[in-house]
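Welcome, and thanks for opening the viewer. Follow along stop by stop, selecting each item as it comes up.

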Amino acid sequence: MNKKTFNNLTQSFEGFKPLLNEQKELKRLLSKNKRRLITLEKKYVFLKNLVGIDVKDDLLVSSIFNFFKDLGFNEIKNVDKRYRKEDLRIIFDKKLFLLEITGSEKANAKDNKTRQLTKHLEKERLNNQNVFGLTIFNHDNKKDYLEREINCFSKDQITYAKDGKYGLITTVELLNAFKKIKEGKLSIEDFKKEILKFGEVKF
């Protein structure tokens with residue numbers, strides 16, 4: 001007697017039917033749970049690219065766009081290709097926030113890459129002093145993000161950023177911030193305050 005035949009024979013016996021019904025309901029709930037998990041995984045797939053190995057250029061810009069979008073920064077535009085300006089710009093709390101984004105296999109940022117944003121900031125600040133900027137690095141990106149060099153920026157680069165009034169941050173730090181926000185350990189308001197700071201930004 002195979003399993004199917006056995007089940008057909010015994011399913012009407014006392015004790016079988018409620019357990020079989022319960023099993024059927026558990027399978028339905030499990031299937032629903034799996035679908036919801038797949039949906040959530042798709043929603044947050046940009047986090048893999050945020051600190052992804054070899055991720056740079058358009059894929060990195062797209063992941064950071066989705067990062068800020070998920071956190072409620074709705075006035076965000078990708079302006080690099082059309083206007084040959086910074087990669088992204090965000091408007092929030094009556095501030096213009098410019099983002100320059102770079103992916104590199106180097107453990108330490110190059111000076112010219114950390115200063116690339118200054119030309120855009122200087123131009124925008126001619127007519128508006130409420131302009132802020134952040135240069136974002138997916139650095140040391142031949143390694144898993146947990147194994148990367150902690151100190152991406154030199155003291156001189158950090159000093160230059162402070163003098164130029166813009167921030168420097170790695171994608172690893174952005175990921176740390178995102179995790180803290182989702183866990184309720186960091187508010188969006190405090191996150192905004194931090195990313196508007198000059199010099200190196202850490203979470």
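Select Thr102: beyond its neighbours within four places in sequence, Thr102 is in contact (heavy atoms within 4.5 Å) with Leu60, Lys113, Ile136, Phe137 and Asn138. Thr102 sits in strand 3, residues 95-103; helices (H or I, at least four residues) and strands (E, at least two) are DSSP runs, numbered from the N terminus. With a relative accessibility of 11%, Thr102 counts as buried, meaning under 20% relative accessible area with a 1.4 Å probe, protein chains only.

A word on what you see: this is a predicted model, where local features need pLDDT of at least 70, side-chain atom pairs count only at pLDDT 80 or more, and totals for chains, interfaces and linings use all residues. Residues are numbered from 1 along each chain as its sequence is written, and side-chain values use heavy atoms, leaving out hydrogens and water.

Next, select helix 4 (residues 57-70) and helix 9 (residues 171-182), which pack at an angle of about 25° with axes 12 Å apart. That angle makes helix 4 roughly parallel to helix 9, a label for angles under 35 degrees. Which residues make the contact? Show Leu60, Ile64, Phe67 and Asp70 of helix 4, with Thr171, Leu174, Phe178 and Lys182 of helix 9.

Now stay on helix 9 and colour its buried residues: Thr171, Val172, Glu173, Leu174, Leu175, Ala177, Phe178 and Ile181. Their cover includes helix 3 (46-50), helix 4, strand 4 (131-138), strand 5 (167-170) and helix 10 (188-195).

Last stop: Gly184, which follows helix 9 and has a positive phi, near 80°.

Conventions:
Axes fitted to C-alpha atoms, helices over the stretch in contact; angles between N-to-C directions. Parallel < 35°, antiparallel > 145°, perpendicular 65-115°, else oblique. Buried < 20%, exposed > 50% of the residue type's maximum accessible area, 1.4 Å probe, protein only.
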